[in-house]
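Hi everyone, thanks for coming. I'd like to walk you through a few spots in this structure, so let's bring it up on the screen.

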Amino acid sequence: MRSRSRLSLDKVLEIGIEKLFRATSFCRTIWGCFALALLYAVIASPAWGEALPKSVLVIEEADAIRGPYYIAMFSALRARLNASQRPISLYVENLDLPFFEGPEYEDTLKQFLARKYHDRSIDVVIVIGEGALRRAIAWRSEVWSSTPIVFADAVDTSIGSDTLPPYVTGRTIKLRLADMVEAARAIVPDLDQAVIVGAPFASQPAIPFKQFPAEIPAISKELKIVDLTGLPMAELRKRVSNLPEKSAILYTPIYSDGKGAQLLPAVAVSLLAEVANRPIIANVETYIDRGAVGGYMLSPAIVGDEAAGLALQILNGDKPSQIPITNGNSLRPLFNWQGLQRWGVPESRLPPGSEIQNRPVPIWQQYPAQTTAIVAIVFFQSLFIAALLYEHQRRRRAENEVRARSHELAHVNRRATAGALSASIAHEVNQPLGAVLANIETCELLFESPSPDMPLVKEILADLKRDNHRASEVIVRLQRLMQRSEPCKEDVDLNEPVRDALGFVSAQATSHDIELVEDLSAGPLPVSTDPIQLQQVVMNLVLNAIDAISGTASSKVRRIFIRTRRIDDRKAEIAVCDTGPGIAADQRAQIFEPFFTTKPNGMGMGLSITRTIIEAHGGSIRAESREGGGTVFSVRLPLSSVRPKKKKAEPD
């Protein structure tokens, strides 16, 4: 950008025509016209046009490096020029008018710019602000002779096409104090006081703010106006921290802290926002992120974009006089989402067409692809879980159905067992009944004697009572065994249901000439079980052992051992050992399967039901062959931590 540029096409033609009309002879005129035409053809060729980049000079009132407003404006301006896809050399000058002024300073600036750009061909000058515009017009003849000027960021009431030279065009802005009051009413519906802060209006470098005092008389008829302009920053911070509830702060630029130190307006508004107890209304977009709630905001990006667009029109051949001066589109109602939330302002109260910045963006808008993928995964996962739950319910219904059928089958098995033990049960009942009859006959004989032996009578009556209780117990146990009810676990001593079961099968064993040998644990074995089902288990195992021994030779030992013991602190065991032929190795894995039997008339359900009952109680069962013949069925059940209730003793 610092290299020497070639003269533009218009400049070359201007010099050529001037030389042509200075010719003193006809011949020179002819040869001059020919040379001029040839020069024009060469310069107008594409190769020559590509070698001549355009140049744009931007003159700003303030320092673009230090002010976010000018940074945003220049960034948009440069982006619009770069998007034109044509070679454009861009120069930038900052006049620093907010901090420096006076004839001597301006004369120094003019001489500096004239010297700096004396060998540069500037095609368009873009000026930002009315102060820069006035100086560019005044300096044009000495610095940028015949260069068109485009202005931006100038107030509409002081700029008009009838007051400007024809080589000037641009876009104006329309900042009004009334707009700030309207925005304040949207934020504070019952507003009755407007507090104006900023630099003194007379010393404001920006023309729009200098015109605000003219609007105050009309506004003060409706609102109380409190003018805090020109106060030092320390005093101003104290004042804005203690304002009445129905008030709002109208912020205009502040350039100094009041003690000689310079401040950027964006920094000043953030200092006020730290302590202000009422919302701050502003009119420059760059104040939004510094604590201002919002208002009719001037967008520096739009100002820069519009200025660049006008410059491109001129570079493309349009004359400034052909481009009308109109209001730009840089002013719009703009509000900060966090500020609205802080002051509890609903969107319905904002002016029509309001834009809200810094609104939290929903995650599905930030990451649409990822969100879609997650939703799809969750959807299909939900379907999968729903299918699993449905399948789980079906399985539970099936398990409940199987459990119900198992209980029914177990009940049928108990009835069948009771039928098979009918002789034993009859013997169990007949034995105490026969004893009762014998005792009654003895009592009759004693009472026929002249002096009955009363102590003996008492003994006989006690025997009658005991035998009656024994018969009653047999019937009660038989009733429980035959009941059709849901399993009901209770804490019992493992030895008790084993004894009850042996009482049912003892006569059956005796009828087959088989000896039952009990070896029950001396101490209690507390288990949580259904006593009836546990009796059924013991009876099934003992009857199975009786059937196994019944086919052996009579000379062989015919004995069944029933043992209970504690395995460890967690388990107890019931073992039923017989002296039968044992189980073949190829049948051992199948004996607990339903409908598997080695008996000619067996159904194959006894051991299957036994395993189902044991496993439902959290236990296990296995069968092993004994050394020397026979089979051992071992049932292991978990011990309970609850001490079992003692069974009522039978009366003597």
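To begin, in which sense do strand β17 and β18 pair, and over how many bridges? The sense is antiparallel, and there are seven bridges between β17, residues 559-566, and β18. Do keep in mind that this is a predicted model. Four residues lie between the two strands, and together β17 and β18 form a hairpin.

Now look at the other pairing of β18. With strand β20, residues 631-638, β18 again pairs in the antiparallel sense, over seven bridges. You can follow this through Ala572 in β18: Arg566 stands opposite Ala572, and Ala572 stands opposite Leu637 in β20. As for burial, seven of the eight residues of β18, residues 571-578, are buried, so β18 is largely enclosed by the rest of the structure.

Let's move on to a pair of helices. The axes of α10, residues 233-240, and α11, residues 265-275, come within 8 Å and cross at roughly 40°. These two helices are therefore oblique to each other, and the crossing is right-handed. On the α10 side, Met233, Leu236, Arg237 and Val240 make the contact, and α11 brings Ala268, Leu271, Leu272, Glu274 and Val275. Sorted by type, that contact has seven nonpolar residues, two charged and no polar ones.

My last stop is Gln193, which sits in strand β6, residues 193-197. Is Gln193 buried or exposed? Its relative accessibility is 9%, so Gln193 counts as buried. Setting aside neighbours within four places in sequence, Gln193 contacts Leu223, Lys224, Val226, Pro244, Lys246, Ser247 and Ala248.

Conventions: Residues numbered from 1 in each chain as written. Predicted model: local features only at pLDDT ≥ 70, side-chain atom pairs only at ≥ 80, totals over all residues. Heavy atoms only, no water. Axes fitted to C-alpha atoms, helices over the stretch in contact; angles between N-to-C directions. Parallel < 35°, antiparallel > 145°, perpendicular 65-115°, else oblique. Left-handed = near helix turned anticlockwise from the far one by under 90°. Contact = heavy atoms within 4.5 Å. Nonpolar A, V, L, I, M, F, W, Y, C, P; charged D, E, K, R; others polar. Buried < 20%, exposed > 50% of the residue type's maximum accessible area, 1.4 Å probe, protein only. Pairing = 2+ DSSP bridges.
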